[in-house]
Amino acid sequence: MNQVAVVATSSLQSANHWGQSLADLALDVAEPLLDRAEPDGLFCASTSRAPGSMARGTSVVIADRLALPTTSRVYGFDDGDATGAAALHTAVAHIQAGLVKTALVVGVAKVSDLSEPDRYRTLDEALDRDAEVGTELTYLTHCGLLADLYLRRYGLNASALGHLVSHNLRNALSSGATQLKLAPSAAEVRKDVKVASPLTRSDFAPLLDGAVAILLSDTKVAWDLGDAPLEVLGISAARDTAVVWERGDPLCLSAVQTASSRALAQAHSSLAATRLLQIENACSLMEVLSLETLGVTRPGQTLSGYADGFGLIGGLPTINSCGGAIGRGHVLGAGGLAQVHDVMLAFTGGGCSRSAEALAESALCVSFSAFASTAFATVLGRMKK
Amino acid sequence: MNVVEAWRSRHFALRREVLLCPECGHCSRVRRRRCPSCKSRRAAETRSLRVDGQVLACTDSGMLVERLDQLSDRQIAVLLEVEGMRLACLVADSDCSRFADLHEVPMRLVLRRNRSSPAGSADAIEYGVKARVSSTGAPQEARVKRDSLR
């Protein structure tokens, strides 16, 4: 089985790119990587249900814009928030199996044509439709109920939620991943518009246009193609009951736990040895539940930990060095790829204030859809020459 | 609205029918090959849930972002525990404007017209299962009214 390396990554800053179409964004992000190598496989992550995307056939259109060889394998993925990670893992498996030599994984989202409520409605597609018929409940509503259940179980005040958002925005500011000039305090975050009590608008990552591209190859040629490649040490995925309320404990994300422990075992590593964690946080509460399920923090104590500076850049471990989706903006479907890009920046000292992460030897990326009914874990390590 | 989809879910809407695992008693609204709780492959049995439940969690939610008035499209949703099954649903419109805090309030499942079917619409009228304060919970209802006056 071939070993796989992340040769190089590229990302467009999440924003409202009014003047660019979905294919334009994909072209802009992939072009710098195509100068390094001509991929024979394209793995394209784009949530087709997001109005404004090209729906079916997005991957074929992007392959056309990138002028890939006609013999290229082209695959499209659509799995909600976890689309990027699903595409990444499939690309890794293709290289491991020798089906593809060099793979380009592109995650792209175009939502700026939509109003803000419509952008959030795209998240409703992640819900189990059969169980939701006639309920008129939205993804945001379910998040609000889950947050209320969490706060009540541990006797916490809603104001504690502000610390997590503030933490992510501080990391995003330190790493230059956001356009914000100042990271708001936890108290300021709590003053934001209520979206699903006790959650405010700040508890949900802003849905923006953006794109991320990753070039993968066999480790044997990685140093010829990239300046500081990363080795893919372990990949794993797991699933859970799609209806969050039908789980034994809705506050336990067992898919996150299973996928992470299997990926770490594959990498012959452990959570304790992992200094950098990138955790999906389309909704702030899901980051809390992930960390508590993984055992990084104790149940009910994550928010107080964040209040004390836990997880900031320079801390051990560092959680979301670029602030995750809350900090840098949520590119729907490309979250798992953005995490890999963040690890690449951290390991190569890109951006600023990343000295602690530059010392890290391995990183764990956890990406999942909505309420973690599917979860993907990726362990990346520094590659030695 | 999707008329056929609503028709498919009529058993739950009209009789609160759910699927019960004969091995472990796990209740579900959807059909699966195996029970997600005990992994049993025995065929699930149909059962009608009782109407009374207890509120585990509640939220005041809606697409308020662009209107900023905190009232438009306001929805109060609750997570009810009914016979050991957790069910998330909206609070019936006629009741919800009065509610401030529904924690631990006994509520009852009822069939109500959905918001997606406004009065005067030419489309078919859609109904869904919602929650309302239980008539047996008079003291709690009084407390809710008192809370809403704060």
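Helix 7 of chain A, running over residues 161-175, has 15 residues and reaches 22 Å from its first C-alpha to its last, close to the 21 Å expected at 1.5 Å a residue, where the expected span is 1.5 Å times one less than the number of residues. This is a predicted model, in which local features need pLDDT of at least 70 and side-chain atom pairs count only at pLDDT 80 or more, while totals for chains, interfaces and linings use all residues. Residues are numbered from 1 along each chain as its sequence is written, chains are lettered from A and ligands numbered from 1 in the order in which they are written, and side-chain values use heavy atoms, with hydrogens and water left out. Helices (H or I, at least four residues) and strands (E, at least two) are DSSP runs, numbered from the N terminus.

**Helix 7 of chain A**

- Helix 7 of chain A is mostly covered, since eleven of its 15 residues are buried; buried means under 20% relative accessible area, exposed means over 50%, and partly exposed lies in between (1.4 Å probe, protein chains only).
- Among the buried residues of this helix are Leu161(A), Leu164(A), Val165(A), His167(A), Asn168(A) and Ala172(A).
- After helix 7 of chain A comes Gly176(A), whose phi is positive, near 75°.

- Side chains of opposite charge can pair when their charged atoms come close.
- Asp227(A) forms a salt bridge with Arg36(A), with the closest N and O atoms 3.2 Å apart.
- Because Asp227(A) lies in the loop between helix 9 (219-225) and strand 8 (230-239) of chain A, and Arg36(A) in the loop between helix 1 (22-34) and strand 2 (41-45) of chain A, the pair ties together parts that are 191 residues apart in sequence.
- Asp227(A) counts as exposed at 62% relative accessibility, whereas Arg36(A), at 33%, counts as partly exposed.
- In another pair, Asp209(A) forms a salt bridge with Lys110(A), the closest N and O atoms being 3.1 Å apart.
- Asp209(A) belongs to strand 7 (residues 209-218) of chain A and Lys110(A) to the loop between strand 4 (102-109) and helix 4 (116-121) of chain A, so this pair ties together parts that are 99 residues apart in sequence.
- Asp209(A) is buried, with a relative accessible area of 0%, and Lys110(A) is also buried, with a value of 4%.

**Where chain B meets chain A**

- In contact with 37 residues of chain A are 41 residues of chain B, contact meaning heavy atoms within 4.5 Å.
- The area buried between the two chains is about 3200 Å², of which carbon and sulfur atoms give 54%; buried area is the accessible area (1.4 Å probe) that two parts lose on being put together, summed over both.
- Across the interface of chain B and chain A the rule finds four salt bridges.
- Arg32(B) forms a salt bridge with Glu246(A), and the closest N and O atoms of that pair are 2.9 Å apart.
- Strand 4 (52-61) of chain B is one of the elements that give two or more residues to the side of chain B that touches chain A, and the largest share of that side, six residues, comes from this strand.

Notes. A salt bridge is a side-chain nitrogen of Lys or Arg within 4 Å of a carboxyl oxygen of Asp or Glu.
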